Amino acid sequence: MSLSAIAKPRTISKLFLAIEQSEGVGARVRRSVGTAKLRNFSPFLLLDHFFVSGNAGFPDHGHRGQETITYLLHGQVDHEDFTGSAGTIDEGDLQFMTAGRGIMHAEMPRPQKDGSPVTGLQLWVDLPEKLKSCEPRYRDLRKEEIPIVKPSDKVEIKVISGESYGVKSVQDLAYTPVWMIDATIKPGGFISQPLPEGWNAFAYVLDGDLLYGTTVAKQYNNIVFDRDGDGVEMSVPDNYEKNAHVVIVAGQVLDQEVVQYGPFVAVSKEKIYEAVMDFQNAANGFERARNWESKIAKTIR
């Protein structure tokens, strides 16, 4: 298969290390989007690389005005919400959740028998203003549904959302258009990934080191790109000792204000005040939150 054609690779806007911090109850995350170094990078609000061991997780909490994409890299995560919906995503699966006008849920990683941490990525994506009052919805994407393309014997790409080397993903996963490409590159490997014009994009390095032009990106680095150029190109030199694992993410820029208070996202301070009051009063989308408690989070309450 021939390489995808890129006339001009995008330039790097910034590159930085995602610093580890605590989150939820007993969980650790490396947060890159949603920090002082990269805040409200439309449509992206937050990116957490999470590590959860033992009896820990993300107990009952609310959301409004955004979508979340959870990509599980190792282990299992149980999910439950106030609509009665419950389920489990396994290693390699994703869950696309649209919070819309309001949802209250819990996300609890299952302790692993070998003691290893449950790991994954969670990306928060802003919703267009006209969709912020939509009804909540879910879409689980199982690993068997994700197409895989191998442009060479040194590269394997999972096309989670979008298109790579002529292979298209499952469609209509989220309201806000987002591409997510998972690439494993062996030493001597190279990828050329076109991206939609004008979209914001970044690449998060899960493991190993790689080269972007002459710039070295290491594990837990987030590479943020300018909107110039028509794609990105990455390689792992022959003399590197291990594979690189990177997730490339791009999203359509939303022409709207972003006002965020924790898991509530709106276009004005007034709308944030409304969200907080609605959550506290179990109103306007949060009616079912009154006295609701998940079963899966009882062990850490």
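Ring pairs join Phe41, Phe44 and Phe202 into a cluster. Here, rings of Phe, Tyr and Trp (its six-membered ring) pair if their centres lie within 6.5 Å, with planes under 30 degrees apart counted as stacked, over 60 as edge-to-face and the rest as tilted. This is a predicted model, so local features need pLDDT of at least 70 and side-chain atom pairs count only at pLDDT 80 or more, while totals for chains, interfaces and linings use all residues. Residues are numbered from 1 along each chain as its sequence is written, and side-chain values use heavy atoms, leaving out hydrogens and water.

Searching the whole structure turns up 9 aromatic pairs. One of them is Phe51 with Tyr220, an edge-to-face pair. Phe51 sits in strand E4 and Tyr220 in the loop between strands E21 and E22, so the pair ties together parts 169 residues apart in sequence. Elsewhere, Arg137 lies over the face of Tyr175 (a charge sits over a ring if NZ of Lys or CZ of Arg is within 6 Å of the ring centre and within 35 degrees of the ring normal).

| Partners | Distance |
|---|---|
| Phe51 and Tyr220 | 6.3 Å centre to centre |

Ile272, Ala275 and Asp278 are buried in H1 (under 20% relative accessible area; exposed is over 50%, partly exposed in between, with a 1.4 Å probe and protein chains only). The face turned away from that buried side carries the exposed Lys269, Glu270, Tyr273 and Gln280. Just after H1, Ala282 takes a positive phi of about 50 degrees.

Technical notes: Helices (H or I, at least four residues) and strands (E, at least two) are DSSP runs, numbered from the N terminus.
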